[in-house]
Amino acid sequence: MKKLKDILYKVAILKTAGNIDILINTIQFDSRFIQKNDLFIAQKGSTVDGHQFIEKAIDLGATVVVCEKIPAHIPEHKKEAITYVEVENTNTALAIMATNFYDNPSKKIKLVGVTGTNGKTTIASLLYQLFKKAGYKVGLLSTVKIMVDEITHKTSHTTPDSLTINKYLSLMIDQGVTHCFMEVSSHGIHQKRTEGLHFVGGVFTNLSHDHLDYHKTFAEYRDVKKSFFDTLPKSAFALVNMDDKNGKIMLQNTKATQKTYALKTGADFKGKVVEKRFSGTLLIINGVEVWSKLIGEFNASNLLAIFGVADLLGLEKIEILRLISDLESVSGRFEYTISSDGVTAIVDYAHTPDALKNVLETINDIRTGNENVLTVVGCGGDRDTTKRPKMAMIASQLSTQTIFTSDNPRTEDPQVILDQMEAGVSPENYKKTLTILNRKQAIKTACKLAITGDIIVIAGKGHENYQDINGVKHHFDDLEEVMNCFNQLKKA
């Protein structure tokens, strides 16, 4: 248990009603989980306002309520028993209270945040892998999973809520973890989930079309990302991709030490791709050749960021290059399997126009020219609708055959999503496209159409092992499906 006044340290309080010198059990923002002597914080979400559940939380045993507006009418029998704390922003308050509740764990660990549209998971996960191989105890907070050294914990958000972040950072400290690599999403920054965290470094990968259903404009999306670098301390480093024009913008107001990486322009960490194969990439980093099992120019850029972070965190340069050559690809990121008759299937999380373009251009760079590229792709429901025709246009332009299919339709009609995608196909590419609503059938069709040497690309879901339909998650794994298809065709 913790004293309320200690938990409220550095929280911008507007007013209080009740005793703040009391003990609380834990902090909850979901009234369903409230127990005796808990603190309930009423957050205003995009669809639900936690202020509606204040009375329910009190009935379940909450003794402290933190909110943006103290209720006008408090029942007499609850006035003395409950402490109310009014704050300007409950998202910010929760983040600061979470750091206080868990004794500021981010100050006791080397925490590096990775932000940008694409590459966050790859860079954070490979940094975790690299530092593990270097002999450190390491933590990871990513889209795919949370790692506390060797122990895996499931996750459902790119940037978890403030309580979850601090809970796992605290657990990492208890387990002797010295470094943690964390994906930092624009949602997480905007919703103040990273407020109060102490970062020793931040990485910017790139900025392209995504999340405009949430941020409304590209400028707002960019500025939210930039705000992460604006708040980095002077003692931290800010490492940005100078191949992206927004790299310079990220550095405009940062107090952190400015560092850069690039493939196409001058930078502190400079790279050049020498050779591209499906088995890996040969590149030069700061004048030294290194072979990587990772594929494509976008991964070469990711490796530069990884090299830069490792160097800035004090690893020896030659040791970093040795470890880079040993890194394995991340689940659902350019993950491939080959059938018995020589058809290659690549599963990738590419769910933005830029990411899909990167994957398909990489494949077209490596292939000899005789192989067909068959792309299976969809777009998620309840998300940015403007990228749907763009993704369809890219897929149809850069593939021999494209099959549009359902992704995670969520609460939308999947056929409507597909209609919006099809609108992006230019007339000369109509003949190269098919629409098959059922994702399993779409993958099966691609497998049947492919012949020896062909390449099947299944984009959009990557590591996800489910399909979200009307709020229900049904088991579905792209890699599993394509391997089943290959086995069935082999038997036939």
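In what order do the six strands of the open sheet with mixed pairing stand? Keep that question in mind while the viewer loads, and read two notes before you select anything. The structure is a predicted model, in which local features need pLDDT of at least 70 and side-chain atom pairs count only at pLDDT 80 or more, while totals for chains, interfaces and linings use all residues. Residues are numbered from 1 along each chain as its sequence is written, and side-chain values use heavy atoms, with hydrogens and water left out.

**Stop 1: the six-stranded sheet**

Select the strands β19 to β24, and you will find them side by side in the order β19-β20-β24-β21-β22-β23, with mixed pairing. Strands and helices here are DSSP runs numbered from the N terminus (strands are E, at least two residues; helices are H or I, at least four), and two strands pair if DSSP finds at least two bridges between them. Strands of a sheet pair through backbone hydrogen bonds, either parallel or antiparallel. Look next at β19 (335-338) and β23 (433-435), which stand at the edges with a single partner strand each, so that one side of each has no neighbour in the sheet. On average, neighbouring strands of this sheet are turned by 15 degrees against each other, direction ignored; axes are lines fitted to C-alpha atoms, for helices over the stretch in contact, and angles run from 0 to 180 degrees between N-to-C directions.

Now colour β21 (residues 373-377) and β22 (residues 401-404), which run parallel and are joined by four bridges, and pick out V377, which stands opposite F404 in β22. Touching, or contact, means heavy atoms within 4.5 Å.

The UniProt record, an unreviewed entry, carries the annotation "domain: Mur ligase C-terminal" for residues 332-462; UniProt positions are given in the numbering used here, feature names are shortened, and annotations may be inferred rather than shown by experiment. If you select this span, its end C-alpha atoms lie 4 Å apart, and the span is 35% helix and 20% strand.

**Stop 2: the five-stranded sheet**

Move to the open sheet of five strands, which has the order β2-β7-β6-β5-β4 and mixed pairing. Its edges are β2 (13-17) and β4 (27-28), each with a single partner strand, so one side of each is left without a neighbour in the sheet.

Which way do the side chains of β6 (residues 64-67) point? V64 and V66 point one way, V65 and C67 point the other way, and all are buried, where buried means under 20% relative accessible area, exposed over 50% and partly exposed in between (1.4 Å probe, protein chains only). On one side, three bridges join β6 to the parallel strand β5 (residues 39-41), with L39 opposite V64. Follow the chain from β5 through helix α2 (residues 54-59) to β6, and you trace a right-handed β-α-β crossover, a term used when, with the strands pointing away from the viewer, the path from the first strand over the helix to the second runs clockwise. Strand β6 also pairs with β7 (residues 83-87) in the parallel sense over four bridges, and here V66 stands opposite V85.

On the way, stop at G50 in the loop between β5 and α2, which counts as buried at 8% relative accessibility.

**Stop 3: the nonpolar cores**

Select L130, F131, F181, V309 and I324, the residues with the most contacts inside the largest nonpolar core, which has 41 residues. A nonpolar core is a set of buried Ala, Val, Leu, Ile, Met, Phe, Trp, Tyr and Cys residues joined through side-chain atoms within 4.5 Å. The largest share of this core, eight residues, comes from α11. Show I324 with its partners, and you will see L130, I285, V290, S292, L303 and F307, not counting residues up to four places away in sequence. A second, separate core of 29 residues includes I165, V177, L197 and L251.

**Stop 4: two residues with positive phi**

Most residues other than glycine have a negative phi. Finish at F334, where phi is near 50 degrees; F334 sits in the loop between α12 and β19 and is buried, with a relative accessible area of 4%.
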